[in-house]
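Student: I am new to this structure and would like to go through it by question and answer. Could we start with the strands and then move on to rings, cavities and single residues?

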Amino acid sequence: MRMATWKLTVPALAGPADAPIYVRLAQGVVSDIRRGRLSPGQRLPGTRAWAEALQLNRNTVVAAIAELEAQGWVRTTATRGTWVQESLPVEPVSAPPRGLPALSVPLPPSPSFLSTRPFELPHDLLHLSAGTPDPRHFPVELLARTWRRVVRRRGRDLLEYGDPAGHPSLRRALATMVADVRAIPATPEQVVVTRGSQMALDLVARAVVSPGETVAIEALGYRPAWESFRLLGAQLAPLPVDDEGLDVDALGRLAAKRKLRAVYVTPHHQYPTTVTMSAARRLALLALAKRHRFLIIEDDYDHEFHFEGRPVLPLLARDEAGVVASIGTLSKVLAPGLRLGFVVGPTALIDRIARLRAVMDRQGDHPMEATIADLLEDGELQRHVRKMRVLYQARRDVLVKLLRARLGQVLDFQVPSGGISLWAKVTKPIALDAWRERALAKGVVVSPGARYRYDGNEPGAMRLVFARFNEAELHRAVEVLRSTLPSRAEP
Ligand SMILES: Cc1ncc(COP(=O)(O)O)c(C=O)c1O
């Protein structure tokens, strides 16, 4: 759909200066069409306005249009005007390739590469590996009402430039939240608000890692975080993950051999396996970081969703040496499209991050940040989380039951104690690519397990998300997986 609200700047003259004006005018239009500035079906300005804008005789414009029409570029009607032809005599040219310099560290292959869910996925496809909340439960009315109230009352401040570390009200509300719920004794100065955890990760990385330095990561883990470190020129050291989370002994051996700058971990619910890091490993990890002075970058992306027992506290809650930065996000609590995340950590680190952020992005969306702060102060967000937690737990139970009943022969999994997904290991030699393709043909998407492994090999497991889908959808998804299961003999 074309927007039709702008007054079109009339095409300028083009071509050799000694050619007749009407020819140059026609060439100007052709050039604009070929560059894609004017598109097929677009209406051109009236001859009078056009002539006035270029200070030409109107007959010159009429002659130019007749020339364009004769060449097949435009069509005119006697009374109503002139339009660019729907089918053009020559295809528009795309922008000429520019010689961009090669980068020492190559970029990811495409912007969508970091996302499990393609940007324009048809809504009737069930993307079982997309780790995002159910958008149907997003509190639209509440958020819209609160936004309007907050901006009406405080717009004079909120619409100006503000603190790159985040709107003070949200820093305060988040500091209270992490102190109350996550037992992190944080002041607002120890919190910086970012656009999602991806920016948080990138900023923490920039604040502490220099090119060539080593960052340890989970060999089965979260690729978007790895990309931030890789693009900075860091050396990534993948370490094994097992039923207790990251193998901290392996980290200890690495730290003894090589100077480590940081380790990136997901201790609460390891991504993607969902296992919680054991207490013994947590203590060992903190002790190692203190001894070797590396930063623990803790990605606490789904803290709010823990179903059984109490959520395990973040590493930062036990950090007495100032070696942990903890990253949080509202992408799972509300929606990824809001782009709200945060870092809690030592003030010196937060201050560096705020300076880096100011250069990259000036500041966040303060009207939205103040709105979210309001929802936190009123307890509305907490109510939403409680509601979603009950819903997601029920959905987890549905998926668990369905998988056991219908796919128990080929899938094995631990019931996750929290989060929004489960990690199912394939116990039989099945042609996984063929399975995924057949399921896709029936509207169910499962991401290749290889995307979660640093070495890109197939882990023989799949990430299945329950939070996004209602019971009927989970049912449909599992039935599709069951009905598309290849026989073992298939390649
Ligand atoms: C491990 C992990 N960290 C962070 C996030 C959230 O990312 P963001 O806050 O950038 O939307 C996700 C969401 O998929 C995740 O899986």
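Student: How many bridges join β13 to strand β14?

Tutor: A note before the count: this is a predicted model. Strand β14 covers residues 421–426, and β13 and β14 run antiparallel. In β14, L411 has V426 as its bridge partner, and D412 has K425. The number of bridges joining β13 to β14 is two.

Student: What is the order of the strands in the open sheet of three strands?

Tutor: β14 is joined to β13 by two bridges and to β16 by five bridges. β13 (411–412) and β16 each have a single partner strand, so they stand at the edges and one side of each is left without a neighbour in the sheet. The pairing is antiparallel, and the order is β13-β14-β16.

Student: How many of the six residues of β14 are buried?

Tutor: A residue counts as buried under 20% relative accessible area. β14 is largely enclosed by the rest of the structure, because the number of its six residues that are buried is five.

Student: How many residues does the hairpin use to join β1 to β2?

Tutor: Strand β1 (residues 74–77) pairs with β2 in the antiparallel sense, over four bridges. Within this pairing, T77 has G81 in β2 as its bridge partner. The hairpin joins β1 to β2 through three residues.

Student: Which residues of β2 point the other way from G81 and W83?

Tutor: In a regular strand the side chains alternate between the two faces of the sheet. Strand β2 covers residues 81–84, and all of them are buried. G81 and W83 point one way, and the residues that point the other way are T82 and V84.

Student: What is the angle between the planes of F307 and F466?

Tutor: A search of the whole structure finds eight aromatic pairs. F307 and F466 form one that is tilted, with 6.4 Å centre to centre. Planes under 30 degrees apart would count as stacked and over 60 as edge-to-face. The angle for F307 and F466 is 55°.

Student: How many residues apart are F307 and F466?

Tutor: F307 is in the loop between β10 (295–299) and β11 (324–329), while F466 is in the loop between β16 (461–465) and α14 (471–483). Both residues are buried. The pair links distant parts of the chain, and the separation is 159 residues.

Student: Which residues do ring pairs link into a cluster?

Tutor: A pair of aromatic rings is described by the distance of the centres and the angle of the planes. The residues linked into a cluster by ring pairs are Y222, Y271, Y301, W423 and Y452.

Student: At what distance from the ring centre of Y161 does R362 lie?

Tutor: For a charge to sit over a ring, CZ of Arg must be within 6 Å of the ring centre. R362 lies over the face of Y161, and the distance is 3.9 Å.

Student: How much space lies in the largest cavity?

Tutor: The count comes to two cavities of 30 Å³ or more. Residues lining the largest cavity include H269, Y271, P272, Y301 and R463. By class, its lining has four nonpolar, six polar and two charged residues. The space in this cavity is about 60 Å³.

Student: What is omega of the cis peptide bond that joins Y271 and P272?

Tutor: P272 is in the loop between β9 (260–265) and α9 (279–292), and this residue is among those that line the largest cavity. For the cis bond joining Y271 and P272, omega is about 5°.

Student: Is Q55 buried or exposed?

Tutor: Q55 lies in the loop between α2 (47–54) and α3 (58–71). Its phi is near 55°, a positive value in a residue other than glycine. Relative accessibility over 50% counts as exposed. Q55 has 73%, so the residue is exposed.

Student: What is the relative accessibility of R339, which counts as partly exposed?

Tutor: R339 is found in the loop between β11 and β12 (341–344). Although R339 is not a glycine, its phi is positive, at about 55°. R339 counts as partly exposed because its relative accessibility is 33%.

How values were computed
Residues numbered from 1 in each chain as written. Predicted model: local features only at pLDDT ≥ 70, side-chain atom pairs only at ≥ 80, totals over all residues. Heavy atoms only, no water. Phe/Tyr/Trp six-rings, centres within 6.5 Å; stacked < 30°, edge-to-face > 60°. Buried < 20%, exposed > 50% of the residue type's maximum accessible area, 1.4 Å probe, protein only. Lys NZ or Arg CZ within 6 Å of the ring centre and 35° of its normal. Pairing = 2+ DSSP bridges. 1 Å grid on protein atoms, 1.4 Å probe; cavity = no way out; pocket = protein on both sides within 12 Å on 5 of 7 lines; lining within 4 Å. Points joined across faces, edges and corners; volume = space filled by probe spheres on them. Nonpolar A, V, L, I, M, F, W, Y, C, P; charged D, E, K, R; others polar.
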